[in-house]
Each structure stands twice: as structure tokens, then as C-alpha cells.
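Notebook open, structure on screen.

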Amino acid sequence: MSEPQLYFGWRVALLGFASLQLLTLAVAIAVQPANARANRFLGLFLLSLVGVITPYTIGFAGAYDAWRWLTFAPFAIPLALPPLLFAYTHALVRGHRPARPGLHLALPVAQFGYFLVCFALPLEAKWNWYTGAHNRFVNPAFDLALLVSLAAYAAASLRLLGAYRRDLAEARSDEDRFATGWLSRVIVGLVAVLSIYAAFTVWDWLSGGIDYFQETGLYLALVLIGGYLGVEGWRHAGLRFPVPAPPAVAEVAPTPDWTDLARRFDATLRETGWACEPDLSLPVLARRLGTNSGRLSRAINLGMGVNFSAWINGIRAETVATALAAGATDDLLTLAFDAGFSSKASFNRAFQARFGCSPSRYRRGVPDHDYQSEDPELRRAPG
């Protein structure tokens, strides 16, 4: 009896190498102690993605032709990907896993159980089921469930990230350090792959079946998105993401003059120079001002019409502008960091909002001092 023939072409090499990289990233991320729960969810997501890719990697090599008993081997559980990505997002920005985890895992567990039962069937019965009812009914049902699940979890994850950014802007002045734009891009990328997958699914239904080779682009896209998520997740794995607490409810009566209170808080902040501390947060500043977070937050929002981050970064931008007006020759980024900015992007954005021009243009002596941003989130605080 001749030995099975396997073929190691470029598809097998690419997907195999990518799987090895994803596994390495999964381990490196999962052992990071900061954001441990979120990191473990991301590690499981990458491991599940490798499982989704594995049947195609070994399929391109001819393993299923050589060993037909591998049919239904439960490598790929694609229904696990959407809830794991959502769980990672939730744990990262909320500090804990989503509620009712059993409900989120019901579909993946059912899919795994189905493949396990089918894998245990005798070879002839297994092959008849695979080429018959599975391909006609069960597989399309799994495809549809994946499309719906990915769409729902992507929308929920994007809502979480949007709310997190708003909460950070209300509570911290260094929110750019915890920007989650990379995670939003991954989710949008998965939605794009969802569209590709939907097209393949429709093509499969209309054409009566497509082979592995026609799906090469789909799995290469999954590899690229998974690799990007893994690298960015590893870069942020050691950064402990803050979980903003809702501000305490301010007293109901008597109602203070929020504008006057805001001016007094603003004057104290400018006199003390506390705005130059990069990690200044709402609770820390409230304690120093002898008030609570709820009262300070309402004074900023109602008395100034801005959020905490816009207020602090506006003062920092004024600090840099004052230094430039005094003839400072330091590098702009050095002045920005000395003023308390945590990144070049937040510096440029705050300076543009405060003065209507870039820092370099201001240094050249052509600022627009009368500029007033129309964006209520970036309006200058009253001096």
C-alpha cells in the first residue's frame, strides 16, 4: 500500500507560518499579568483563529484526501470567534468578563459538540453524512449563524469602545495612552471579512459548491487581520487599562453657580500647575480641590461646556503657547511633554482646537487668537 502523498505548496507555507506566529502571540499575550482576563480572552481568540485556519492548511496539503477519517475533526469552531472578540473588548474596557458567559458560549459549544459527534461516526457513515445532509443543511445553517453572530458582536463591541472613550475623556487627561483605535480597526476589518465570507457563502449556494482553492483569499484576509490584532494586542498587553468609575452624584440643593465654581477651579488649577502632570485624573484633581468627582465633573461640563480632557489639554496648550510667545527654542514635542501631554497626536489636536492653527504655525508668529472651535467637546475653557 503506497504512502499518502502530501503537497506543501505556497498556500500551506503561508498559512502554516501564520498559524505558528499566531500561536506564539497567543502564548505571549496570555501570560501578561496586566489586564490578565482580557489577555486570556485574546489568547483564546487567536487560538480559535488558528483552529479555523487549520483545516484549510492541511486541506491544501492533501491531508483529507490521504486520511479521510480526518473529516469532521473539530479543529475549526468559527462560532467561537465573535463572542471571544467581544469578551476581550469587554474585559479590556470594563475590567471583567461579560455577564452570562454561558449564553455567549452556547453556539460555539453546540458547534464543537456537533463536530465531535460526527467525527466519532464510522468512516462510511461519516462520509455519507458529510456529503449529504451536512453540506445541504447543517453547514449553511452554521454559515448563517456565523454571519449573524459576527454582525451582532461587532456592533456591540464598537458601542463599548465608543462609550469607553467618552468615559475616559470625562475622567482622564491622558486618554490617548489608552486609545483603542487599533481594536476598532480590527472589528471593522472583521466586518469587511464578514462581507467577503457572505459573498463566498452565496457563491457556494448558487454554484453548488466551491473548492478550497477558491477560498484562498478569504483565509489570507483572516490571517492578516488576526496577525494585526495579535501584534497590537501584544503591544498593549502590559498596559493596565483604567476602568472609569461613574462620578458620584452631586448634591441636589442648593444648586451652585456652576460657571463661578468652574472659574474658581480653573484658577486654582492654573496657579498650582497641576495640569502639567501627564496622568492627572478627575478623582485625583477633585481630592486636591477639596471636592468630589461628581461636583467637579458637573462644574466642568455645565460651567465650561467641555469635558475633563478638553479642559486640561486646553490649559496645557496655553502653557506651550506661552512658552513659544516668550521665545522658547526647545523642540515642540519637548514643550508638549513638559506641559503634560502624553502624545504628539493629543498635543496637536488640543493646540489646533485652542488656537485654530498648528503649533509650528503658531511658532512662526501667525496664530489665529480669535479662533473659536465649533466642536463643543473642544471649546476652550474660560480663562
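At what angle do helix α12 and helix α14 pack, and how far apart are their axes? Before answering, I note that this is a predicted model.

**Entry 1: α12 and α14**

I looked up the pair and found that α12 (residues 308–325) and α14 (residues 344–355) pack at an angle of about 80 degrees. Their axes are 9 Å apart. Angles of 65 to 115 degrees count as roughly perpendicular, so I put α12 and α14 down as roughly perpendicular to each other.

From α12 I get N313, G314, A317, E318, V320, A321 and L324. From α14 the list reads F347, A350, F351, R354 and F355. Sorted by class, the contact of α12 with α14 comes out as eight nonpolar, two polar and two charged residues.

**Entry 2: α1 and α8**

Then I went to helix α1 (residues 10–30) and helix α8 (residues 216–235). Their axes come within 10 Å and cross at roughly 25 degrees. Under 35 degrees counts as roughly parallel, so α1 and α8 are roughly parallel to each other. I also checked the hand of the crossing between α1 and α8, and it is left-handed.

Who meets whom here? On the α1 side I wrote down W10, R11, L14, L15, A18, L22, L25, A28 and I29. They meet T216, Y219, L220, V223, G226, G227, G230, V231, G233 and W234 in α8. By class, I have 13 nonpolar, five polar and one charged residues in the contact of α1 with α8.

**Entry 3: A61**

Where does A61 sit? I found A61 in the loop between α2 (36–60) and α3 (63–66). Buried or exposed? The relative accessible area of A61 is 5%, and buried means under 20%, so A61 is buried.

I also looked for its contacts, skipping residues up to four places away in sequence: A61 touches Q5, L6, Y7 and V12. F8 got a separate check against A61: the two are 53 residues apart in sequence, yet C-alpha to C-alpha they are 5.5 Å apart in space.

Key. Residues are numbered from 1 along each chain as its sequence is written. This is a predicted model: local features need pLDDT of at least 70, side-chain atom pairs count only at pLDDT 80 or more; totals for chains, interfaces and linings use all residues. Side-chain values use heavy atoms; hydrogens and water are left out. Axes are lines fitted to C-alpha atoms, for helices over the stretch in contact, and angles run from 0 to 180 degrees between N-to-C directions. Helices (H or I, at least four residues) and strands (E, at least two) are DSSP runs, numbered from the N terminus. Angles under 35 degrees count as roughly parallel, over 145 as roughly antiparallel, 65 to 115 as roughly perpendicular and the rest as oblique. A crossing is left-handed if the near helix is turned anticlockwise from the far one by less than a right angle, and right-handed if clockwise. Contact means heavy atoms within 4.5 Å. Ala, Val, Leu, Ile, Met, Phe, Trp, Tyr, Cys and Pro count as nonpolar, Asp, Glu, Lys and Arg as charged, and the others, Gly among them, as polar. Buried means under 20% relative accessible area, exposed over 50%, partly exposed in between (1.4 Å probe, protein chains only).
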